[in-house]
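Here is a guided walk through a set of protein chains. Keep the sequence and the 3D view open side by side as you read.

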Amino acid sequence: MTIAQFAILGGLLFSIGVYGVLVRRNAVLVLLSVELMMTAVNINLVAFGRYFDNIAGQIFSLFVIAVAAAEVGIGLAIVLLIFRNRASANVDELDLLRW
Amino acid sequence: MDLTDAGNWVFLVMAVVITAAGLYTVTTRNVVHAALALVTAMATAAAIVIMLGGEFVGWVIVLVYIGAVIVLFLFGIMITRAQVGRAPSLDHGGNVRFMAAAAAGLMFAAITYAVVELFGDATLPAEGVVRTADIADSMFTRFVIPFEAVSFVLLAALIGGIVLARRDEQ
Amino acid sequence: MVTMLSSAAGTLVAAEEVALSDGGALAQYAWLMVVLPFVAALVITLYGKKTPKGGAYIAVASVAFVLVYGLVLLISHWANPITHTENFNIATVGQFDIEWGVVVDGLSIMMYFVVGAISTASFVYAVSYMEGDVRETAFWASFSLFAGAMLVLVSSANILQLIVGWELVGVASYLLIGHYWEQHENSSAAIKAFLVNKTADVGLVIGALIPALIVGSFRFHDILGAAVEGNPGIVKYGFIIGLLLFIGAMGKSAQFPFHVWLPDAMAGPTPVSALMHAATMVTAGVYLLGRMFPFYNSVAIDVLPIVMWIGGITMFIAGLLAIVQDDIKRVLAYSTVSQLGYMTAAMGAGAYTAGLFHLFTHAFFKSLLFLGAGSVIHAVHSNYMSDMGGLRKYMPTTFWTFGIGSLALAGFPLLAGFFSKDEILASLNYASSHGTPSATYVMWIGIVTAFVTAFYMARAVFLTFFGEYKGDPAHEPHESPAVMTVPLQALAVGAIVAGYFNVPGIFTPFTDWLSGREFAPGDHHPESFDVFVLIAGTLAGLAGIAIGYNFFFADGESQKARDSRFRLPKPIHTLLVNKYYIDDLYMLIVEFIRRPLANAANWLNGLIDAVVSGTGILTASIGRFVYEGLDQRGIDASINAIGGGTGEAGAALRYLQTGKVQQYAAALFFGVLALVAAFFVWTSI
């Protein structure tokens, strides 16, 4: 197994996640796509950790998981508040900071 | 890709599954389906990670991501009353889609190019399974500071989440 | 008696050389006398308005100091002749040293004393006379300046400094004659004085430069030394130098034909006339002749007859002019010109001591007469004798002091003028038999002038103080205050006493004073009285008084009656009243030169104006161009463009901020991609 195949797989998933972040209109779905990107990153980290024979890859992957969990918690809390205020989870309506 | 290696076949299958799941997540118009597709993707990811020798990480993915994060998502979906079933359009229009696709595509191209340039045909070492005990050792000696930092982050997230989600007293 | 008479003519001997001392600290600090009046002038200029009487007391204090110091110096010099020179180098130009020097020797000390005494009298007098004047402070400043300038002149150790002092007194004279410049004729008189002096100064300056160039130094010591030793250059040009210097002296001392400014100078206040135009400034020319006397006696001896004749002519024609004047100050002015003629004639006859002695005595009685005239004018508010008359009843002190002064001037026996005039006539007589035969004629002119002098002074006295008062009977004149009469009395004492300082054969300290200097000129002074001259001169004077009495004295008679008795033949009268038409001749010459000069100056001025205005217009247009073109349209526009552009850019760029996070994320991703691409490109190069 080459390292390249895992890295490319990670890159693919990351790109798909990017697409999702930019395209989706629902805030929750945007967060979902962000989660996809995080997963890709995890795969990458572990693969490279194996390649370089460094345990730091897996350890950081654990940290990424923990932080991702925290981020989702907060993110959803914010989405909830927005929903309470506007009765909609459409990100297009969140443009109050515009010109 | 060396197809004589059984690992590669496994890898190929899992790659296809995860890619499909990912694509489904970002394109489907059904919100719940998207979340569940993500579950699939994550499960496959866990498998890939286990294949790479990170057993502990793999099971943590299953536990935390699938067990907690996706559940959280589903709760979020429920509360924000996303249309269950097909929604008219969850995506932006054509322009945005094209631009996003371009961004994604270019990003993939860049990454691929970089990886191939750098690593070419380098193979993974044969032995690579990591023992959980080693992770524990490393975590609490060398990486104890990031560990503590992450604990802080979780604490902050916990408190922040509670504060944010509280109903205002009228 | 007979032996005395016969030996009289042959007993004129040269002055002895006296032993000279240095003079010590007194001479070293003599510069204080010169500096103090200038300090006073400066203080008065700056603070005069705030001090009482416009700084009068400061001025009086400064000249009183000069008097006291001068007197002390004189007494020391009398005991022990001093000759001392301090020189202070200011700059060096090429081979010439520009120096400032103070000379303390017999001639200078005599002049210090005269300047100090007459100045103090005039200054004290002026304290009352100038009270309430329209420009009191300016007057005192100018007057002090004059005193300082005169001292610079008489203390100068080099001829360049003398010229500086000369010009400074000219400036002071201009300022003071034109003191009441609101009347046009006063400022014209000031200009006339200045210009006539300036014309004569051409001679002075050239006459000063030639010996300086030959000798290589401006110092009197060097020039006189070169002359006495017979420096060939000096010998060769001696005549020219002497003549040119004398021309300069003629201007300042109002000798014919440069005498025209002095009568007009009477436009100034009376104290000015008394000090400057009687005793000090006008004597500067005689002083110059005295200072340069060793020069004249050695290398320029051929100039002396010219000097004598000019003096002779001047004394006579001026005396005649005094007869027909109605303005009392003009009488005195012409009298001054006449007496200056006496001094000049004496110098020309080689009588160094006699000429300067007459300067000394004349200073006392002429300033006395002027101050007395001022007192009269002050009381009557008019200069004209036809407005006066009978004033001896109202102004007794003025009367008897004026009387003493007149008698002294007329040469009445035993008063000051008697001795000095007599010595001059004696010297002329002596000179006629010792190398200058034409001196006889000048002597006779002198005797006739003595008659004329006595005559016009008698006329002045009788018209002013005797007869009926012809002014407004409602305003009776009264005696002047003590501040004015005390100086008169002091000067009267001087007019009596001054003559006794040079009684030939008996008591001659004055001669000793004057010979206490470097290069003491061997001059001729009488050992005893020249009886012939003595009798002739005295008779002439008495005759003048008598005839004047005859014509002009009449208590109770009207002016008309008196006028009808004294009548000169019409043509002569017209000639005299028009001052021999000399002034008209000068005006003709001036007009002849003036017109083309004025036109040329106007043309040049127009040229300069054109250049200046052209420059102005050019500069203005450049300025306009720079302002409009460069500044407004160029710089301002670019700055405005930057501001506007920034605004426009901002207005355009703000649309990037849509508020939509996904778009920001997209931008982010694209940015990262761009960086990555750049990185790839960069590393692959």
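A salt bridge here is a side-chain nitrogen of Lys or Arg within 4 Å of a carboxyl oxygen of Asp or Glu. The model is predicted. By this rule the count is nine salt bridges over all chains.

Start with Glu99(C). Glu99(C) pairs with Arg219(C), and the closest N and O atoms are 2.5 Å apart. Glu99(C) sits in strand S3 (residues 96–104) of chain C, and Arg219(C) in the loop between helix H8 (184–215) and helix H9 (220–229), so the bridge ties together parts that are 120 residues apart in sequence. Is Glu99(C) buried or exposed? At 10% relative accessibility, Glu99(C) counts as buried. Arg219(C), at 27%, counts as partly exposed.

Next, find Arg135(C) and Glu182(C). Their side chains form a salt bridge at 3.0 Å, N to O. Arg135(C) is in the loop between H5 and H6 of chain C, while Glu182(C) is in the loop between H7 and H8, so this pair connects parts 47 residues apart in sequence. Glu182(C) is partly exposed, with a relative accessible area of 45%.

Now go to Asp264(C). A salt bridge joins Asp264(C) to Arg330(C) at 3.6 Å, N to O. Arg330(C) lies in helix H16 and Asp264(C) in helix H11 of chain C, so the pair ties together parts that are 66 residues apart in sequence. Asp264(C) is buried, with a relative accessible area of 16%. Arg330(C) is partly exposed at 22%. Both belong to a network of salt bridges that also includes Lys192(C), Lys579(C) and Asp583(C).

Helices H11 and H16 turn up again around helix H12 (residues 270–279) of chain C: both are among the elements that cover the buried residues of H12(C). Helices H5 (106–129), H6 (136–155), H7 (159–177) and H17 (352–380) of chain C also take part in that cover. How many residues of H12(C) are buried? Ten of the ten are, so the helix is largely enclosed by the rest of the structure. They include Pro271(C), Met276(C) and His277(C).

Step back to chain C as a whole. Its secondary structure comes to 28 helices and four strands. Of its 685 residues, 53% count as buried. Take the contacts in chain C between residues at least 6 apart in sequence: 80% of them join residues at least 24 apart.

Aromatic rings come next. A pair of rings is described by the distance of the centres and the angle of the planes. The whole structure holds 41 aromatic pairs over all chains. In one of them, the rings of Trp309(C) and Tyr441(C) have their centres 6.4 Å apart and their planes at 35°, so the pair is tilted. Trp309(C) is in helix H15 (residues 303–323) of chain C and Tyr441(C) in helix H21 (residues 439–465), so the pair ties together parts that are 132 residues apart in sequence. Trp309(C) is partly exposed at 29% relative accessibility. Tyr441(C) is exposed at 56%.

Phe402(C) and Phe465(C) make another pair. Their centres are 5.3 Å apart and their planes at 50°, so this pair is tilted. Phe402(C) lies in helix H19 (residues 396–410) and Phe465(C) in helix H21 of chain C, 63 residues apart. Both are buried. Elsewhere, ring pairs link Trp78(C), Phe113(C), Phe357(C), Phe360(C), Phe364(C), Phe501(C), Phe510(C) and Trp513(C) into a cluster.

Finally, look at how the chains meet. Chain A puts 67 residues in contact with 87 residues of chain B. Together they bury about 7,000 Å², 78% of it on carbon and sulfur atoms. In chain A, Met1(A), Arg24(A) and Arg50(A) lose the most area to chain B, together 11% of what that side buries. What joins the two chains by polar atoms? Helices H1 (3–23), H2 (27–52) and H3 (56–86) of chain A each supply at least two residues of the side that touches chain B. H3(A) gives the most, with 24 residues. That side of chain A divides into 49 nonpolar, twelve polar and six charged residues.

Chain C also touches chain A. The contact takes eleven residues from chain C and 15 from chain A. The buried area is about 1,000 Å², of which carbon and sulfur atoms give 62%. Lys660(C), Gln662(C) and Phe669(C) lose the most area on the chain C side, together 52% of what that side buries. Here the count is zero salt bridges and two residue pairs in polar contact.

Key. Residues are numbered from 1 along each chain as its sequence is written. Chains are lettered from A and ligands numbered from 1 in the order in which they are written. This is a predicted model: local features need pLDDT of at least 70, side-chain atom pairs count only at pLDDT 80 or more; totals for chains, interfaces and linings use all residues. Side-chain values use heavy atoms; hydrogens and water are left out. Contact means heavy atoms within 4.5 Å. Buried area is the accessible area (1.4 Å probe) that two parts lose on being put together, summed over both. Ala, Val, Leu, Ile, Met, Phe, Trp, Tyr, Cys and Pro count as nonpolar, Asp, Glu, Lys and Arg as charged, and the others, Gly among them, as polar. Rings of Phe, Tyr and Trp (its six-membered ring) pair if their centres lie within 6.5 Å; planes under 30 degrees apart count as stacked, over 60 as edge-to-face and the rest as tilted. Buried means under 20% relative accessible area, exposed over 50%, partly exposed in between (1.4 Å probe, protein chains only). A polar contact is a pair of N or O atoms within 3.5 Å; within protein, one must be able to donate a hydrogen and the other to accept it, and residues adjacent in sequence count only if both atoms are side-chain atoms.
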